[in-house]
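Dear colleague,

Please find the structure below, followed by a summary of what was found in it.

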Amino acid sequence: MKVEAFQNCSPKDLIVLFYDDQKKALSKWKDPALADYLSMALENDFKGKFKESLMIYLPGHPIAKRVLLVGTGKAQDLTLQRLRILGAAASSAIASKQLKKVAFFVPDLKIKNCKTADIAAALSMGSQLIQVHFEEWKSKAKKREWTDFSMIVSDAKSKAGVDAAVEKARCIAAGVQFGRRIIAMSPRQLTPDALAKEALAVAKNSPMKSKIKASVWTEKELEKKKYGGILCVGQGSDNPPRFIQLEYRNAAQSKKPIVLVGKGVTFDSGGLSLKPPPAQETMKYDMAGAGSVLAAFKIATDLKLKINLVCLIPTVENMPSGKAQRPGDVVTMASGLTVEVLNTDAEGRLILADALWHASTQYKPEAIIDVATLTGACALAVGDAAAGVFSNTESLIQKLQKASEASGENVWPLPDFDEFYADLLNSEVADLRNIGKRREAGATTASLFLEHFVENKAPWAHLDIAGCGWYDAPRDMVGVRGPSGVPIRLLVEFLEQNA
Ligand code: BES
Ligand code: ZN
Ligand code: ZN
């Protein structure tokens with residue numbers, strides 16, 4: 001039983017109760033005995049500030065051995081995002097206690113368009129995501145018990161939908177955990193071929209297996225089809241490139257698919273345009289776009305969404321070697337356009353170009369969304385707070401903003417101004433340069449480069465997650481330095497809202 005009404009709730013090791021900054025109880029636990037237990041704490045120590053918490057033992061109480069008071073700050077400022085963060089705060093406050101039977105007493109709140117079920121799901125989401133760590137590769141792996149929170153609601157009426165909402169949150173959290181884990185994997189382990197195997201396993205282990213078609217192109221097929229963008233970046237590495245394609249059809253044949261494209265550079269050394277060592281340290285996460293779209297695909301199929309969805313992942317390792325491409329090389333892309341590769345570190349756009357061309361010519365997509373750790377310029381401009389978004393279709397940006405609001409994962413439009421920047425990609429010897437003539441507006445010139453490969457006026461949006469894909473320190477629902485999991489939940493929201 002995951003959801004209980006307060007009247008017939010079974011005994012717990014701990015119950016989380018929410019109080020606002022006026023010390024008003026938002027969890028409506030109508031228990032006269034409770035006041036005696038809590039009055040001293042509420043009068044003295046506990047202020048009800050956002051994320052504040054205080055554990056109190058209730059000796060002799062029939063239902064709760066302990067309660068954790070959690071402050072919400074001003075009740076009217078609460079949003080689903082703040083509730084996710086509170087779920088995470090409560091979860092970390094008790095993490096070391098390894099308690100078995102723990103529950104949130106779901107607060108009664110008025111948040112626009114939100115039911116009790118949404119509030120419970122938000123708490124559950126935060127409480128799970130914060131527990132994700134990447135310790136399996138330590139020789140003496142620390143054993144962390146997973147704390148599974150059940151839900152208590154004030155009365156039987158409020159139970160409606162809570163079970164299903166919490167179950168869904170569990171499925172999404174598991175998918176986010178899957179994505180963050182493969183992004184955290186060492187590049188020694190997660191080569192392009194290993195990433196392809198992860199994708200095939202997602203398809204094979206899915207409850208919707210029969211509606212999923214999975215295929216992986218190796219160098220052979222890439223050469224035959226002349227996918228020069230993927231090949232030229234991959235040619236320097238001993239770990240050959242792959243092009244991963246997943247198709248999920250669970251809506252009418254006539255319904256156009258949404259195509260997700262993820263940058264899958266399993267390690268970006270920069271190639272011959274070698275990055276300085278500090279910049280290489282985290283470049284295993286240069287496949288965070290791939291990890292994100294694969295996780296979103298997993299969640300969408302686990303949730304059995306009634307959609308047609310395609311997931312495309314060009315994946316390579318960008319290495320310098322005697323076989324590596326050189327600055328000055330002219331490469332013929334899958335689309336037939338030629339590109340003068342002046343900086344081998346601007347490799348993401350080369351592999352995405354082939355995948356975007358594939359997406360827009362092999363499908364008639366409703367929308368194409370690519371996700372990529374594309375430019376340091378985007379990370380400098382927006383930091384880790386948001387993904388930069390660029391699109392050829394204004395309404396698609398608005399749809400992404402709507403999904404962003406619901407998920408709490410931010411997007412911020414990148415400047416367009418192609419009349420200023422488009423010419424920066426002109427080459428004397430090829431159709432395009434792979435870097436702008438000037439460093440300025442680097443996130444925009446990268447987007448404009450990609451746009452050249454979107455055919456047939458397909459609605460397309462690009463999410464640059466160079467900044468938000470990795471957190472240098474724990475924050476909100478992310479409990480450890482490393483992959484943030486952004487924008488996996490945003491993508492899932494988008495898929496649901498546009499089903
Ligand atoms: N993977 C990097 C972008 C990146 C930088 C992601 C920092 C995350 C954090 C990308 O392949 C790259 O190196 N881009 C170059 C482009 C430049 C050469 C035009 C960059 O941003 O410096
Ligand atoms: Zn690079
Ligand atoms: Zn890169």
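Is aspartate 268 buried or exposed? At 2% relative accessibility, aspartate 268 is buried (under 20% relative accessible area, with exposed meaning over 50% and partly exposed in between; 1.4 Å probe, protein chains only). Lysine 263 is likewise buried, at 2%.

This is a predicted model, in which local features need pLDDT of at least 70, side-chain atom pairs count only at pLDDT 80 or more, and totals for chains, interfaces and linings use all residues. Residues are numbered from 1 along each chain as its sequence is written, chains are lettered from A and ligands numbered from 1 in the order in which they are written, and side-chain values use heavy atoms, with hydrogens and water left out.

Lys263 (NZ), Asp268 (OD), Asp286 (OD) and Glu347 (OE) coordinate the zinc ion (ligand 3) at 2.0 to 2.4 Å (donors are N, O and S atoms within 2.8 Å of the metal, or 3.2 Å for Na, K and Ca; water is not among the atoms, so sites may look incomplete). The arrangement is octahedral because the six donor atoms subtend angles of 77 to 174° (for six donors, opposite ones over 155 degrees apart and all others between 65 and 115). Aspartate 268 also coordinates the zinc ion (ligand 2), which lies 3.2 Å from the zinc ion (ligand 3).

One of its oxygen atoms is 2.8 Å from a side-chain N or O atom of glutamate 347, and an oxygen atom of ligand 1 is 2.7 Å from a polar backbone atom of glycine 376.

Kind regards

Key
Tetrahedral: all angles 85-135°; square planar, octahedral: opposite > 155°, others 65-115°. Polar contact = N/O pair within 3.5 Å; in protein donor to acceptor, adjacent residues only side chain to side chain.
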